[in-house]
Amino acid sequence: MELNIGGMIGLYGGVICGLLGWWFGRKKARKNRGLDELYYHIWQKARSYSWYVSLGALYVLFTLINFGIELSTAMVLGILFLTHVASWGIIGIVLTINMSSTAPLQPSRVKVGIIVFVTSIIVFTIISILTTNWLFLLCSIPPSLIALFTALTPKRKDSEVTY
């Protein structure tokens, strides 16, 4: 068994960068009095909703296995971890914007954006697995970004537009 140096640097470097970002973010939020009851409520809700998304990802992966597609343990765990953490962050952002913005997000725009986001990720992941070419996952980035911007941008009223 070979030791993959780049993989080890990415694995543990990602953990170190993530922990540093979390620590500095919490330090800055505490300084600006951002760690209040609303903060804890939003992120607790986001965490509970992300478990539903993870459950959906499990069903998709089990369906792929039932169709005879071979998936490695590391691949399945990576997909589940990424699904859980990404959905937690996205749902937390949506809830934060809705709770703190003067113009709340339109539920229909949020639903459409999330559906497009999830669909593009699932479709390109399945294509990548079937073709064993992981570069297809890069194709999911543009539709995902467009969907996120669509979902997270409040619709402006005509009266708010200034010339």
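Buried residues account for 20% of the 163 residues in the chain. Here buried means under 20% relative accessible area, exposed means over 50%, and partly exposed lies in between, with a 1.4 Å probe and protein chains only. The model is predicted: local features need pLDDT of at least 70, side-chain atom pairs count only at pLDDT 80 or more, and totals for chains, interfaces and linings use all residues. Residues are numbered from 1 along each chain as its sequence is written, and side-chain values use heavy atoms, with hydrogens and water left out.

The chain contains five helices and zero strands. Helices (H or I, at least four residues) and strands (E, at least two) are DSSP runs, numbered from the N terminus. The order of elements from the N terminus is α-α-α-α-α. The C-alpha trace spans about 60 × 35 × 30 Å along its principal axes.

The largest nonpolar core has eight residues: A57, L61, L64, I69, L71, V76, L80 and I129. Helices α2 (37-66) and α3 (73-100) each supply at least two residues of this core. Helix α2 gives the most, with three residues. A nonpolar core is a set of buried Ala, Val, Leu, Ile, Met, Phe, Trp, Tyr and Cys residues joined through side-chain atoms within 4.5 Å.

The UniProt record, an unreviewed entry, places the feature "transmembrane region" at residues 6-25, 49-69, 75-98, 110-129 and 135-153. Such annotations may be inferred rather than shown by experiment; the positions follow the numbering used here, and feature names are shortened. Residues 49-69 are 86% helix and 0% strand. The end C-alpha atoms of this span lie 28 Å apart. Residues 75-98 are 100% helix and 0% strand, with end C-alpha atoms 34 Å apart.

A nonpolar surface patch of about 750 Å² is formed by V15, I16, L19, L20, W22, W23 and F24. Patches consist of residues with over 30% relative accessible area and no salt bridge; like charges are joined within 9 Å, and nonpolar side chains (Val, Leu, Ile, Met, Phe, Trp, Tyr) within 5 Å. A salt bridge is a side-chain nitrogen of Lys or Arg within 4 Å of a carboxyl oxygen of Asp or Glu. Accessible areas come from the Shrake-Rupley method with a 1.4 Å probe; for residues, only the protein chains shown count as cover. W22 lies in helix α1 (residues 5-31). W22 counts as exposed because its relative accessibility is 53%.

The chain has zero disulfides, a disulfide being a pair of cysteine sulfur atoms within 2.5 Å. C17 has 55% relative accessibility and therefore counts as exposed. C139, at 40%, counts as partly exposed.
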